[in-house]
Amino acid sequence: MTEETPGFDDKKPDVPAEAAQTPDDAAQAESADTAGSAPAGETNQDVAATAQLDQVRTALNERTADLQRLQAEYQNYRRRVERDRVSVKEIAAANLLTELLPVLDDIGRAREHGELVGGFKSVAESLETVVAKLGLQQFGKEGEPFDPTIHEALMHSYAPDVTETTCVAILQPGYRIGERTIRPARVAVAEPQPGAQSGKAAGEEDVKASDEESGGPEEG
């Protein structure tokens, strides 16, 4: 019977795991580590690019808003300048034409009396053409309702054939430039005859009462 010597069992020597790896195994492990770390780097780059793109978009929106605001302010400035220019032009023309109104009144009176003849007629018509080009407009007609904003009443009377205060005579025509009145029309006005409306209303009530008592108007 053979005796086994203690300590001499058939065992393989303990070899460290790292030492047991072959060069091929080490290369495969390094390749795996590299493959595992690559996606993380690319994700960080994507996040950084997205953040940078958001910053660019925010800056672009701010600049666009600034440009739109500046454009609106410029348009308002242009409108204001144009409005002021027109106003200044109207004021200058009004000051000039106000001095010519007495001359135009003389021309109108001469025309009414048949004295606008010969060379004087040509000069008068040329002057009227020039002031019309400058925007001067004449207004005021007989029979139109009296408007205290554009009419100046110099004479007052009562008339049975009017139903409201009416211009019955134009003593001097009015003139305006655009919406600016440089002289109101000077007129004579007539108001309804006192009691005429009440008498007319009473007459209508009497006729109505008579019709009701007789059962209605008679048919012819």
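The points that follow take up the salt bridges and then the sheet.

1. Basis. The structure is a predicted model. Every value quoted here should be read as computed from that model.

2. Salt bridges in total. The count of salt bridges comes to eight. Three of them are discussed below, namely Arg63 with Glu62, Glu82 with Arg85, and Glu90 with Arg180.

3. Arg63 and Glu62. The two side chains form a salt bridge with an N to O distance of 3.6 Å. Arg63 counts as exposed because its relative accessibility is 52%, and the cut-off for that class is over 50%. Glu62, at 43% relative accessibility, is classed as partly exposed.

4. Glu82 and Arg85. Here the N to O distance of the salt bridge is 2.5 Å. Both residues belong to helix α2, which spans residues 23–112, and they are three residues apart, about one turn of the helix. Glu82 is partly exposed at 38% relative accessibility; Arg85 is likewise partly exposed, with a relative accessible area of 46%.

5. Glu90 and Arg180. Which parts of the chain does this pair tie together? The side chains meet in a salt bridge at 4.0 Å, N to O. Glu90 lies in helix α2 and Arg180 in strand β5 (residues 180–183), so the contact links parts that are 90 residues apart in sequence. The distance of 4.0 Å should be read against the criterion, which requires the nitrogen to be within 4 Å of the carboxyl oxygen.

6. Accessibility of that pair. Are Glu90 and Arg180 buried or partly exposed? Glu90 has a relative accessible area of 23% and is therefore partly exposed, given that buried means under 20%. Arg180 is partly exposed as well, with a relative accessible area of 32%.

7. The sheet. An open sheet is made of three strands in the order β1-β4-β5, and their pairing is antiparallel. Its edge strands are β1 (136–139) and β5, each of which pairs on one side only. On average, neighbouring strands of this sheet are turned by 35° against each other, direction ignored.

8. Pairing of β4 and β5. Strand β4 (residues 174–177) is joined to β5 by three bridges, and the two strands run antiparallel. Across this pairing, Tyr175 stands opposite Arg183 in β5. The edge strand β5 also holds Arg180, the partner of Glu90 in helix α2.

Notes: Residues are numbered from 1 along each chain as its sequence is written. This is a predicted model: local features need pLDDT of at least 70, side-chain atom pairs count only at pLDDT 80 or more; totals for chains, interfaces and linings use all residues. Side-chain values use heavy atoms; hydrogens and water are left out. Buried means under 20% relative accessible area, exposed over 50%, partly exposed in between (1.4 Å probe, protein chains only). Helices (H or I, at least four residues) and strands (E, at least two) are DSSP runs, numbered from the N terminus. Two strands pair if DSSP finds at least two bridges between them. Axes are lines fitted to C-alpha atoms, for helices over the stretch in contact, and angles run from 0 to 180 degrees between N-to-C directions.
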